[in-house]
Amino acid sequence: MGTYAPSTKTDQEEMLSVIGVKEISDLFADIPEAVQFHGELELPSGQSELTVKNYIQGLAAKNKVFPTICRGAGAYYHYIPSIVKRITSKDEFVTAYTPYQAEISQGILQSIFEYQTMICELTGMAFANASVYDGATAAAEAINMTKARKRTKALVSAAVNPETIAVIKTYAFASGDQIEIIPTKEGKTDLAALEAAIDDTTAAVYIQQPNYFGLIEEPKTIADLTHAGKAKLIMGCYPIALGILESPGEVGADIAVGEGQPLGLPLSFGGPYLGFMTTTPAMMRKLPGRIVGETTDVDGKRSFVLTLQAREQHIRRKKAASNICSNQALCAFTAAVYMAVMGSSGIKAAASQSYHKAHYGAKCIGAFPAFI
């Protein structure tokens with residue numbers, strides 16, 4: 001596929017002739033005249049490419065671009081190797097859409113498969129989907145995965161990103177489920193309060209690692225408490241930190257989710273991002289969205305297909321456990337290219353630098369009397 005080429009007047013006339021109308025306006029004949037718009041829109045007249053470019057650059061110059069951004073809180077700036085954008089900007093990737101027809105979608109299917117594989121390696125889990133809209137959506141969808149007939153309550157640590165908690169509560173409000181916030185103690189999830197809150201109605205416990213305050217939780221202990229109450233542990237993970245921390249799979253999590261923005265996606269004033277979701281073999285069939293699997297074709301060659309799809313997510317939507325059917329394919333592909341370029345050593349180095357520079361920054365800021 002090449003660059004976009006608009007249709008000519010002759011092309012338009014030919015298309016109108018095929019469908020049996022004379023003018024483009026005839027396409028709107030069924031719309032009542034009273035609601036049709038006639039005249040010109042209040043838009044500036046066409047300008048040359050140079051004029052428009054200079055105008056847009058002038059608008060962009062009004063933005064204050066800071067070389068260093070320390071706010072974080074769910075969106076982080078990391079160095080992105082130039083090859084990532086070079087590869088993902090190719091026309092054939094930018095225009096990729098839902099790969100329903102496997103026989104003509106092998107490229108995009110393989111890119112999703114590679115993304116899933118690397119996300120599983122990063123989280124230590126067995127299965128991943130093709131990504132969802134963002135990390136907060138992934139968290140809410142993960143809680144939905146754990147619900148059972150009598151278990152509809154989720155315990156969410158107060159040390160989780162408030163925006164994620166808000167999305168979880170929105171999902172729960174719509175479904176009538178209960179969300180209980182577990183308080184913190186010295187900046188981390190209060191283990192005693194968590195243990196006291198787990199009962200036979202608890203479906204899941206959700207924690208964030210590192211948490212919203214930048215502290216490291218105790219996931220193994222939390223996993224033991226959760227499983228003792230026959231509930232599922234969901235870990236919301238900062239993916240770069242997994243380069244040096246124990247993976248969710250190693251500490252006993254049942255589901256690992258998170259925001260994939262740090263994996264090669266620029267901040268971009270807030271999106272688009274991608275939410276990654278991974279789980280264990282025991283819960284793979286409850287994983288929402290698309291999953292790409294590897295198989296062989298009629299000639300025995302390696303090939304890729306959409307697999308383990310619940311038909312209810314497409315057709316009988318009232319019975320669906322999730323209505324997530326789409327995926328952030330280009331964002332997921334970007335994450336895959338970033339992880340492939342960085343490699344395990346590169347991600348580990350980025351995590352190590354983030355850790356040490358955060359502590360260095362805290363030490364310097366703490367030296368100012370105003371922050372004591």
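Two strands are taken to pair if DSSP finds at least two bridges between them. The views below are of a predicted model.

**View 1. Strand order in the open sheet.** The sheet is open and contains 7 strands in the order β1-β9-β8-β7-β6-β2-β3. Its pairing is mixed. The edges are formed by β1 (127–128) and β3 (178–182); each has a single partner strand, so one side of each is left without a neighbour in the sheet.

**View 2. Strand β8 and its partner β9.** Strand β8 (residues 255–259) and strand β9 (residues 275–279) run antiparallel and are joined by 5 bridges. Within this pair, valine 257 lies opposite methionine 277 of β9, and alanine 256 has threonine 278 of β9 as its bridge partner. Strands of a sheet pair through backbone hydrogen bonds, in either the parallel or the antiparallel sense.

**View 3. Strand β8 and its partner β7.** The pairing of β7 with β8 is parallel and extends over 3 bridges. Isoleucine 234 is found opposite isoleucine 255 of β8.

**View 4. Side chains of the buried strand β8.** Of the 5 residues of β8, 5 are buried, so the strand is largely enclosed by the rest of the structure. In a regular strand, side chains alternate between the two faces of the sheet. From β8, Ile255, Val257 and Glu259 point one way, whereas Ala256 and Gly258 point the other way.

View 5. Helix α5 (residues 106–123) lies across β1, β8 and β9, and runs at about 70 degrees to β9. Helix α9 (residues 219–228) also packs on the sheet, where it touches β6 (202–209) and β7 (232–237). The direction of α9 makes about 150 degrees with that of β7.

View 6. Serine 111 belongs to helix α5, the helix that lies across β1, β8 and β9. With a relative accessible area of 7%, serine 111 is buried, because the cut-off for burial is under 20%. When its neighbours within four places in sequence are left aside, serine 111 is in contact with Phe333 and Ala336.

**View 7. A nonpolar surface patch.** Val18, Ile19, Ile24, Leu27, Phe28, Ile31 and Val35 make a nonpolar surface patch of about 670 Å². One of these residues, isoleucine 24, is located in the loop between α1 (9–19) and α2 (49–60). Isoleucine 24 counts as partly exposed, at 42% relative accessibility.

Notes. Residues numbered from 1 in each chain as written. Predicted model: local features only at pLDDT ≥ 70, side-chain atom pairs only at ≥ 80, totals over all residues. Heavy atoms only, no water. Helix = DSSP H or I, 4+ residues; strand = E, 2+ residues; numbered from the N terminus. Contact = heavy atoms within 4.5 Å. Axes fitted to C-alpha atoms, helices over the stretch in contact; angles between N-to-C directions. Buried < 20%, exposed > 50% of the residue type's maximum accessible area, 1.4 Å probe, protein only. Patch = residues over 30% accessible without salt bridge, like charges linked within 9 Å, V, L, I, M, F, W, Y side chains within 5 Å. Areas by Shrake-Rupley, 256 points an atom, 1.4 Å probe, with all protein chains shown as cover. Salt bridge = Lys/Arg side-chain N within 4 Å of Asp/Glu carboxyl O.
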